[in-house]
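User: Could you walk me through this one slowly? I'd like to ask things as we go.

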Amino acid sequence: MRSAIALLLLAAPCWADAGEIWVTNERDDTISVIDIATLAVTRTIPTGERPRGITFSKDFSRVYICASDSDTVQVMDPETGAILHDLPSGEDPEQFVLHPDDRHLYIANEDDAVTTVVDVESRTVVAQINVGIEPEGMAVSPDGKIAITTSETTNMAHWIDTGTHELFANTLVDSRPRHAEFTRGGTELWVSSEIGGTITVFSVADQTEVAKIGFEISGIHPDRVQPVGFRFTPDEKTAFVALGPSNHVAVVNAETYEVEKYILVGRRVWHMAFSPDNSLLFTTNGVSGDVTVIDVAAQEATQTIKVGRFPWGAAMRP
Amino acid sequence: MLRIVAVLGVFWASAASAEVSVAIHYLRQEVEAPPTLSGLDPIPEDDGVRGAELGLADNATTGQFLGHAYTLEVTSVAPGGDILAAARAALAETGLLVLDAPAATLLAIADLPEAEGALIFNAAAEDEALRSEDCRANVLHVAPSLTMRTDALMQFLLQRRWTTLALITGTLPEDLAYAEALRRSAVKFQVEIAVEKTWAFDADMRRNASQEVPLFTQDLPPHDILLVADEWGDFARFVMFNTWEPKLVAGSEGMSPVAWSPVLEQWGAAQLQGRFVDLAGRGMRPRDYAAWAAVRSIGEAVTRTGAADAATLRAFLLSDDFELAGFKGRPLTFRAWNGQLRQPIPIVHPRALVAMAPLEGFLHQRSELDTLGLDQPESACTAFGG
């Protein structure tokens, strides 16, 4: 069955274009590189300890990796897989986001209740901002003026003015916020709460809550439906939300905030990345150690790809 | 399918702007530990207290963004000391008490006139009666009951079909209570305790274990697992690997159902453990976890309500709106009929987590967590309006 699908994909290369998905394996200290055309792992690259967050520079000439237990952000040449240098990241970097200026990384230091801002060119720490306990989710507005850190135990989204590196608002969300993304041209902020089981939608202009999205999967206790990573389609009309140990990804209408569908994926789904043409979505499944491929148009899972132990972050390289 | 809740931002804003001071008192009745055969693993003097301190630090970090300030005062009363006087003094200052004391002391404090309208968090007493006929409206139980723990173990044994058991029980009151809980859980999950023996030796097992335990266990009829009820850690550590037959040991030693253990690392627990070790210089124990959960429950209720009075906090904690992220993989809530904190029970050995109860397949109409311990129909508690 699987090989039949793979053959089908090979026979129709225009459907899934070229490019790669890079997956960090939290308990293997490696990155698995998936070739999108063949949907096979083509390279396994060693990293520092406990790699989690991963993102590419704008021109894709560099890849940044949060090596949490090495207390550093590694900068890698994606062609060779060689580590070029480390960045001073603060302790236990978990997630980060690259500012639209392509120069500043905003890093959540999970063990330190701090957000660290690093200049990737001068390789220096520009600022450290005190936030709540266990900072994790990171986002920057499209205009680059606002950075967001979510803190898992304080249960807040912290709003950082990137000009002054000061907090200008702290908004409560449900328990254990994990991930944040701006949408609608930067006018809306979505924050997922893992234990609360919700996504809170904020109006960016005044930081007020405009909606709360809940999830309900028949046959699965609500306690196990735990939203973590999520991604918007480029038209910002649809959000795909990873629901952790419920082993499902929710398809959410980003205009009405209605959940339209649940797609069964691997066990403990964490984060996701789209293929360059956005036709495929790749989910990291922490417990089952694999990646599920979702056909975005059909909203169906089509294939599973074995990667390393506890895959966590995912990023696309064209 | 769809749940959109429109929320007034104004509410949080008003809660945030108010300056709120929250005073918490941690009151402990020190208990003389009985002598044990081994001098290893003494109980740390700050057991529990450090958990409360970590909870306070967690609350304070959140509070700084909201204008909420928290203080913690700790009173530890020596064995034989006047705990009721200490309780009165504490209750004169605050209505929020975290209590580490045996059941009888807990009831005496809860029934003080000064405790009326207060909110007491039981961080230590595991007695079933406190969740049933002896429940009190002003007491919430953050420590799991004994049968929550033993139910967890029996779920695991049943799932593995290791259903014929032998039980060795010590002679201390805590051993007898634990053995009784094991028996009740065995009946509940239809697991058979085929034989029981009492360990009443007074020899020093560091010299004699290899000679005495094989003989002591030689006449046990066939069994899958050897249970031990030895809650103070006296003899059972010498039973393991010295049995006549090659048998796994579970209960107080070997594979144990506990409220918390330093071996937990999933569900973000690694972060909590790291913060605790930084603070206390040792691993986090079950009583530390209970105290942490008590203080964090208070913090969560203050954060969400903007209030600091016991009545408002109690109402919120018992409502559907309360949930605590307790690093056990699912939200923790209070049972509204007896004030017990619902929580998964880790089944651990000294090096790793074996399983997390409730186990898959044990279902309940309300919450799978209610397959552990007294369920509403079994509880004789009426103080919560049940």
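Analyst: Let us start with Pro358(B), which sits in the segment after strand 12 (352-357) of chain B; strands here are DSSP runs of E with at least two residues, and helices are runs of H or I with at least four, both numbered from the N terminus. This is a predicted model, in which local features need pLDDT of at least 70 and side-chain atom pairs count only at pLDDT 80 or more, while totals for chains, interfaces and linings use all residues. Residues are numbered from 1 along each chain as its sequence is written, chains are lettered from A and ligands numbered from 1 in the order in which they are written, and side-chain values use heavy atoms, with hydrogens and water left out.

User: OK, and is the peptide bond from Ala357(B) to Pro358(B) cis or trans?

Analyst: That bond is cis, and its omega is near 5°.

User: Switching to chain A, how do strand 14 and strand 15 pair?

Analyst: Strand 14 (residues 156-161) and strand 15 (residues 166-172) of chain A run antiparallel to each other over six bridges, where pairing requires that DSSP finds at least two bridges between the strands. Asp161(A) stands opposite Glu166(A) of strand 15.

User: What's in the turn of that hairpin?

Analyst: Four residues lie between the two strands, and His165(A) in the turn has a positive phi of about 60°. Asn155(A), in the loop between strand 13 (146-151) and strand 14 of chain A, also has a positive phi, near 65°, although Asn155(A) is not a glycine.

User: How many residues of each chain are in contact?

Analyst: In chain A 43 residues contact 35 residues of chain B, where contact means heavy atoms within 4.5 Å.
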